[in-house]
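Hello,

Here is the structure we talked about passing on. Please open it first, then read my notes below.

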Amino acid sequence: MDPSLLIDPAFWSNGQPFAPGGFDGGIPDIPELAGHVLFQTSGSTGKPKWIALSKNALLLSAACVNRHLRVTEESCWGLPLPTHHVGGFGVMARTFEATSEYALFGQRWNPGVFRDWLRLSGVTHTSLVPTQVHDLVQAGLSAPAALKAIVVGGGRLDVTTGQKARNLGWPVLASYGMTEACSQIATQPLELLDKPYQTGGLPLLPIWNARAAEDSLLEISGPALFSGMLVHEDGRWNYIHR
């Protein structure tokens, strides 16, 4: 999909359900899906399903992340991730919410090309997965001066690689999130960039509450939580409210 669609106010006011990665056979006509964006995920069970996130929830999450990372109209979000995953989609939602600039990487991953693209595009904020950070470190590349924050999601970035990245000037911030929560639940603050890199003790973003349940599972609550999910059973799509 064209990421510029996501900075058009008409997209956010349109009540038709939308799947950025496409939906084979067309999105089923289910009234509860109005005003929602659908993301496919296997979750922790391994069974494929579609998570329904309301557009209001996505923008609320975007606003919270923008405030946490001090994004302004003068900032520039860089998009190196696919928008059919909530991490990439969230970058564009934050761009729209902040009315900031954005830049699309739009090419095969290459750490040197990526570093040069960041510099030429004036990117100030972006999101990466741990493998991409590892590649930047292995290549010994230093970060562009304009870059202020990299949210690292989609897995845990080990302490050694994280510290090496910071030594090269890459402002990596550990985060924890999930599709069901519109991306980030907990993210390191900018103030930690001057301290040794760590992975534990991530502060919750202000819109979230969390606790450890008796079965050691993490329970979360907050206004940006998913509305429900689509599961294909017995030859038909069933919508399950959360």
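Start with two helices: H2 and H3 are roughly perpendicular to each other, because angles of 65 to 115 degrees count that way, with under 35 roughly parallel, over 145 roughly antiparallel and the rest oblique. Their packing angle is about 75 degrees, and their axes lie 8 Å apart. H2 covers residues 55–68 and H3 covers residues 86–98. Axes are lines fitted to C-alpha atoms, for helices over the stretch in contact, and angles run from 0 to 180 degrees between N-to-C directions. Helices (H or I, at least four residues) and strands (E, at least two) are DSSP runs, numbered from the N terminus.

Before you go on, note that this is a predicted model: local features need pLDDT of at least 70, side-chain atom pairs count only at pLDDT 80 or more, and totals for chains, interfaces and linings use all residues. Residues are numbered from 1 along each chain as its sequence is written, and side-chain values use heavy atoms, with hydrogens and water left out.

**Where the helices meet**

Contact means heavy atoms within 4.5 Å. On the H2 side, the residues include Leu-58, Leu-59, Ala-62 and Ala-63. On the H3 side, they include Val-86, Phe-89, Ala-93 and Phe-96. The residues of this contact divide into ten nonpolar, one polar and three charged. Here Ala, Val, Leu, Ile, Met, Phe, Trp, Tyr, Cys and Pro count as nonpolar, Asp, Glu, Lys and Arg as charged, and the others, Gly among them, as polar.

**The sheet**

Strands of a sheet pair through backbone hydrogen bonds, either parallel or antiparallel. Two strands pair if DSSP finds at least two bridges between them. Four strands form an open sheet in the order E1-E2-E11-E12, with antiparallel pairing. E1 (36–41) and E12 (236–241) are the edge strands, each pairing on one side only. From one strand to the next, the twist averages 30 degrees. Six bridges link E11 (residues 228–233) to E12. Gly-228 stands opposite His-241 in E12. H2 packs on this sheet and touches E1 and E2 (49–54). The direction of H2 makes about 70 degrees with that of E2.

**A hairpin**

E9 (residues 209–212) and E10 (residues 218–221) run antiparallel, joined by four bridges. Arg-211 has Glu-219 in E10 as its bridge partner. Five residues lie between the strands of this hairpin, and Ser-216 takes a positive phi near 70 degrees. Ala-213 sits in the loop between E9 and E10. Is Ala-213 buried or exposed? Ala-213 is buried, at 17% relative accessible area. Buried means under 20%, exposed over 50%, and partly exposed in between (1.4 Å probe, protein chains only).

**Cysteines**

How many disulfides does a search of the whole structure find? The search finds zero. A disulfide is a pair of cysteine sulfur atoms within 2.5 Å. For Cys-182, the nearest cysteine sulfur is that of Cys-64, 11 Å away. Cys-182 is buried at 2% relative accessibility. Cys-76 is buried too, at 6%.

**Two loop residues**

Ser-75 lies in the loop between H2 and E3 (76–79). Ser-75 is buried, at 4%. Leaving aside neighbours within four places in sequence, its contacts include Arg-70, Ser-100 and Thr-124. Gln-16 lies in the loop between H1 (9–13) and E1. Gln-16 is exposed, at 55%. With neighbours within four places set aside, Gln-16 is in contact with His-36 and Lys-55.

Best wishes
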